[in-house]
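Colleague: Show me how you read a model like this one, feature by feature.

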Amino acid sequence: MPAPSSTRAERAALAAVLVVAAGAAVAGVAAPGLRPALLAAAAWAAVAAVLVGTAVHRPPHRRAWAATGLMLTCWAVGHTAALVAPGGDLPQDAVAVGQVVGAGVVVRLVAGGLPRRRRRRREGDPGVLLENLLLAAVVALAVADLVARLLRGGTDGPGATGAALDVVLLALVLRFALSRSELGASARLLVVGALAGVGYHLGAAVHPAAAAPGGLLQVLGAVCLVVLGGAALLPSMDGALEPGGRACRPASGRLLGLVPLVVVAPALWALDRTSGSAALPAGAVVGGGALLAALGMLRGVVALRASERAADHDALTGLRNRRGLDAAFRRMVRGPDGLLLCLVDLDDFKAVNDTHGHEVGDELLRDVAAALVRAAGPDAVVARQGGDEFVVLLPATPEPLDPGGPASGAVDAERRRLHDGTPGRLVEALQRPRTVSGHDLRGSGSVGVVHVRAPSSLPQALTRADIALYETKAAGKAGVTTYRPRMRTQVQRRQRLAEDLRLVLEGAPAARVGSLVVHHQPLVLLETGEVVGSEALLRWHHPLLGLLPPADFLPVAHEGGRDVDVDAHVLDVALGQLADWRGRGLDAVPVSVNVTPASLVEGRLASRVERQLRRHGVPASLLRLEITEHEQVPASAAVVRELRALQDSGVRISLDDFGAGYTSLGYLQRFPVSLLKLDRSLVTSLEEDLDLLAGIAAMARALRLDVLAEGVETTEQRSALVDLGIRYGQGHLFSPALAAEHMAGLLPVVPPVPPVPGARPTRSTGGRAPVPAPAVPLQALPSAPLPDAVP
């Protein structure tokens, strides 16, 4: 989209050109004696305009503009020679040379504007071939007429020799204008100027006296030259002569542009009748006209078939679109055993578009489409549903096999091959590495399968397949899931949770959708059981479903793009609880809050955290932020800046679930991590992973990092961890997750600082003395869940 200043400049230049053209027309009509001089002056002005426009706007296709300048120069020389020495051969010869050069420019534009190779493959080569043949036949007919006239020795009078060329130029210019879906202001002026120039030369051929010095046609010639030169001064001239640079109409739309080519032969016949001299035999003109008409009709038939195909096929991949899929579905579902509908979705396709651009994404979709066609087999129908979703229809065999059931005998084995094998091959085809536009890509795809029998409809089948596809995504992607009726209930429950969660985050009444609450699990010194912190854990008090653990609704929040909102809510509640404990005179311990990668990538986490800390009046030293390894955190410069800004403000960073996710030493090198939280799976299998844990502990000591073990449930695990030098832990051995009020019961009251006799009063520190956290004996912590504790 052009900038406003560029648009204003374009309009101003266009207005100036039109004013000058109108002035030239008025001057030519009012003063017949000035017409020859006006024509020559307009020609040289047009040459100068092309030179100035090319130097200022620097079009990428300078050769086309150089040829245009050469054409105008020839005309300027011819009209100047006619003014200085009327009666010689130079004027006519120079104008004829310019006419030929101009014809070459127009032919290049029309031929160069045909679809490129890749687009030809999609639209069909026969149509493009017929367009080329039609264009070649028109040019051949014009050349034959021109040669015939030259062989006659120029007896047809001034300008008659180039009449055939004028007719072809008129047809080609109209073809160029009608076959384009858009033309810039400069291209429009070129079309108008070309039509005026062709009209001038045709008029000279039919009525030579009108083009003689002082004739009225010279006014049209002057206007033509002003318009052609003015087109070079417009900013849009940089794309006006670019072959194919402007969008072509679809194949059916370009048929209108064939009409001027088809009528070339009748126009030549009419020209011969008007001039009274026929250059070609009547049979040749009639035969040429019949050939042009036949080629035009064939092109119309091909365009009609291409249009019908485009109606039910995808333009990008050539596969069936939704309309074509519906027709194939209605045909196949009437079979005695129905069909299998496989809904295929590319995993993480958005990342390809975001990383490499949409052109690479489109090329990948075409490559994937071809791979699916090969994997599905000749009896299948493959369609593109839209975006990165594809649909494969497979003919079903009797009694489709339950994927979860056992297979016995050759019949069951064959049914399993047909029903389970093809969807599996689809997944395998998507997992193969491929090189797309110079990029090595390796992706995967998820498939949802449903067995369909009449009278089921396509929308119903797609809905069920989408439910199965959702299950595949939830199970880790890159797999196949067959639809079962119970899945619909699960999807409906997720949809209800998603809507209720949205209302909760938007502040809807708790009586309607419940409320999100934060519980705390104590973090302790393993040797003494001293409480040194807590982890904020989110729960949902739902009015119908009861108290929901995070595993029930956080995936729903992630799918709905609500991760950042949930993180902000947990942070706000946790800091509010910290402020409440401090206000009650309790010795609050640091609280750890989980943040998702979405909050880190968003780019406003540090400022949001600092704002929340100020609002609640909580020191940054009491906040720990945990980034998880279960979802890969991009180690981009922006994420590193966010984490370092948090560290500089006093907030500490912990790496959660260490050893169970995207474990990367790059995290420890780039991110300002101060604490590693070992995943509970390492603690559960402590005997088998003892050497691994010892290595992690040694690495942490070398990097000066603290280590905390999650999921400590037995005294044996606690003792082994202490022996490894791991200082901190959390788990049911010490305490489950507690409501905020019960967590407050574990926090001692800050003792008052007695005044020192004779000491000068000091500035207040807010009523709190900087005392160390109290040592709470292990036995003093609850060994069983409290009444409202959440396991």
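**Reading the folds and the cores**

Modeller: Strand 2 and strand 3 (residues 389–395) make an antiparallel pair over 5 bridges; two strands pair if DSSP finds at least two bridges between them. Within this pair, G386 has E389 in strand 3 as its bridge partner. One caution: this is a predicted model, where local features need pLDDT of at least 70 and side-chain atom pairs count only at pLDDT 80 or more, while totals for chains, interfaces and linings use all residues. Residues are numbered from 1 along each chain as its sequence is written, and side-chain values use heavy atoms, with hydrogens and water left out.

Colleague: What order do the strands of the open sheet have?

Modeller: Strands of a sheet pair through backbone hydrogen bonds, parallel or antiparallel. Here, the open sheet has 5 strands in the order 2-3-1-6-7, with mixed pairing. Strand 2 (381–386) and strand 7 (480–482) stand at the edges with a single partner strand each, so one side of each is left without a neighbour in the sheet. On average, neighbouring strands are turned by 20° against each other, direction ignored.

Colleague: Which helix lies across strand 1, strand 2, strand 3, strand 6 and strand 7?

Modeller: Helix 19 (residues 458–474) does, running at about 140° to strand 6. Axes are lines fitted to C-alpha atoms, for helices over the stretch in contact (heavy atoms within 4.5 Å). Angles run from 0 to 180 degrees between N-to-C directions.

Colleague: How far does helix 14 reach from its first C-alpha to its last?

Modeller: The expected span is 1.5 Å times one less than the number of residues. Helix 14 (residues 282–311), with 30 residues, reaches 43 Å, close to the 44 Å expected. Its buried residues include V285, L292 and R299. Helix 20 (residues 485–505) has 21 residues and reaches 31 Å, close to the 30 Å expected; R494 and D500 are among its buried residues. Just after helix 20, G507 takes a positive phi of about 90°.

Colleague: Which residues have the most contacts inside the largest nonpolar core?

Modeller: A nonpolar core is a set of buried Ala, Val, Leu, Ile, Met, Phe, Trp, Tyr and Cys residues joined through side-chain atoms within 4.5 Å. The largest here has 78 residues, and W581 and L625 have the most contacts inside it. Helix 23 (residues 563–583) supplies the largest share, 7 residues. A second, separate core of 68 residues includes L72, W75, L130 and A185. Leaving aside neighbours within four places in sequence, the contacts of W581 include H520, L586, A740 and L747.

Colleague: Is V618 buried or exposed?

Modeller: V618 is buried, with a relative accessible area of 6%, although its place is in the loop between helix 25 (605–616) and strand 12 (623–628). Not counting residues up to four places away in sequence, V618 touches L575, L578, A579 and L613. V618 and A579 are 39 residues apart in sequence, with 6.1 Å from C-alpha to C-alpha.

Colleague: How many aromatic pairs does the structure hold?

Modeller: The structure holds 1. Rings of Phe, Tyr and Trp (its six-membered ring) pair if their centres lie within 6.5 Å; planes under 30 degrees apart count as stacked, over 60 as edge-to-face and the rest as tilted. W540 and F553 have ring centres 5.5 Å apart and planes at 85°, so the pair is edge-to-face. W540 sits in strand 9 (residues 531–542) and F553 in helix 22 (residues 550–559), 13 residues apart. Both W540 and F553 are buried.

Conventions
Buried means under 20% relative accessible area, exposed over 50%, partly exposed in between (1.4 Å probe, protein chains only). Helices (H or I, at least four residues) and strands (E, at least two) are DSSP runs, numbered from the N terminus.
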